[in-house]
Amino acid sequence: MNRNLQILLIEDNDDDAAVFRYALKRAGIPNPLFVATDGQAAIQYLEGSHGYEDRLKYPFPSVIFTDIKMPRKTGFDVLEWLRAHPTCSVIPIIVLSGSSLSEDIKRAYEMGANAYLVKPSDAEVMQKMLKITYDFWAICEKPTLVAKKVFDATPTPGTEI
């Protein structure tokens, strides 16, 4: 069981990101969390570009949580980008959205989301939701990938995702 998951949260709302961070802490999940404020920043992080080149400082994520409705690039844009890039296509991605619209849920799964969760309004419910999700992905076998710049063939230190 790998409990050393690097978590990438893609969330444009500071309050929602703070609730996520608080819920992780309350659930006893001490894992590193990086927050990208929109889909464009997340793609730059995953590419290892625009200041995110140092994989020791900005480790390749083991699991991604993304909102879908964000400026610049949406969560749907991120899903499309992830599934088109072999280095990133197998990273588990969980949509964490305020939308419970059936068309959003269907579209997310069609685009390769591994799960779709609706953001709870209660921090305690968020804590329980994250604990269950974390425990599930911690026991799942995941491929070992060489984290590298997506558009550069020069490998950097590998990591298990």
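Here is a chat about what the calls made on this predicted model rest on.

User: What should I keep in mind about numbering and cut-offs here?

Analyst: Residues are numbered from 1 along each chain as its sequence is written, and side-chain values use heavy atoms, with hydrogens and water left out. As this is a predicted model, local features need pLDDT of at least 70 and side-chain atom pairs count only at pLDDT 80 or more, while totals for chains, interfaces and linings use all residues.

User: What makes up the secondary structure of the chain?

Analyst: There are 5 helices and 7 strands. Helices are DSSP runs of H or I with at least four residues, strands are runs of E with at least two, and both are numbered from the N terminus. Read from that end, the order is β-α-β-α-β-α-β-α-β-α-β-β.

User: Why is Gly75 called buried?

Analyst: Buried means under 20% relative accessible area, exposed means over 50%, and partly exposed is in between (1.4 Å probe, protein chains only). Gly75 has a relative accessible area of 0%, so buried it is. Gly75 lies in helix α3, residues 75–84. Across the chain, 50% of the 161 residues count as buried.

User: What does Gly75 touch?

Analyst: Contact means heavy atoms within 4.5 Å. Leaving out residues up to four places away in sequence, Gly75 touches Thr66, Asp67, Ile68 and Met70.

User: Why is the Phe136 and Trp137 pair called edge-to-face?

Analyst: Rings of Phe, Tyr and Trp (its six-membered ring) pair if their centres lie within 6.5 Å; planes under 30 degrees apart count as stacked, over 60 as edge-to-face and the rest as tilted. The whole structure has 8 aromatic pairs. Phe136 and Trp137 are 5.0 Å centre to centre with 80° between the planes, so they pass both tests. Phe136 is partly exposed at 43%, whereas Trp137 counts as buried at 13%. Elsewhere, Phe34, Tyr45, Tyr52 and Tyr58 form one aromatic cluster.

User: How do you know that Arg107 sits over the ring of Phe76?

Analyst: The rule wants NZ of Lys or CZ of Arg within 6 Å of the ring centre and within 35 degrees of the ring normal. The charged end of Arg107 is 4.0 Å from the centre of the Phe76 ring, and the pair is listed as charge over ring, so the distance part checks out. Arg55 does likewise over the face of Tyr45, at 5.5 Å from the ring centre.

User: What makes a set of residues a nonpolar core?

Analyst: The members are buried Ala, Val, Leu, Ile, Met, Phe, Trp, Tyr and Cys residues joined through side-chain atoms within 4.5 Å. The largest one here has 28 residues, and Leu8, Ile10, Leu46, Ile64, Leu79 and Leu82 touch the most other members. Elements giving two or more residues to this core are β1 (7–10), β2 (33–36), α2 (39–47), α3 and β4 (93–97). Another core, apart from that one, has 22 residues, among them Leu5, Ile29, Val63 and Trp137.

User: Why is Glu11 with Lys119 called a salt bridge?

Analyst: A salt bridge is a side-chain nitrogen of Lys or Arg within 4 Å of a carboxyl oxygen of Asp or Glu. For Glu11 and Lys119, the closest N and O atoms are 2.7 Å apart, so the pair qualifies. Glu11 is in the loop between β1 and α1 (14–26) and Lys119 in the loop between β5 (115–118) and α5 (123–139), 108 residues apart. Both residues are buried.

User: And how do you know that Glu110 and Lys106 qualify?

Analyst: Their N to O distance is 3.2 Å, which is within 4 Å, so that is a salt bridge too. Both lie in helix α4, 4 residues apart, about one turn of the helix. Glu110 is exposed at 58%, and Lys106 counts as exposed at 53%.
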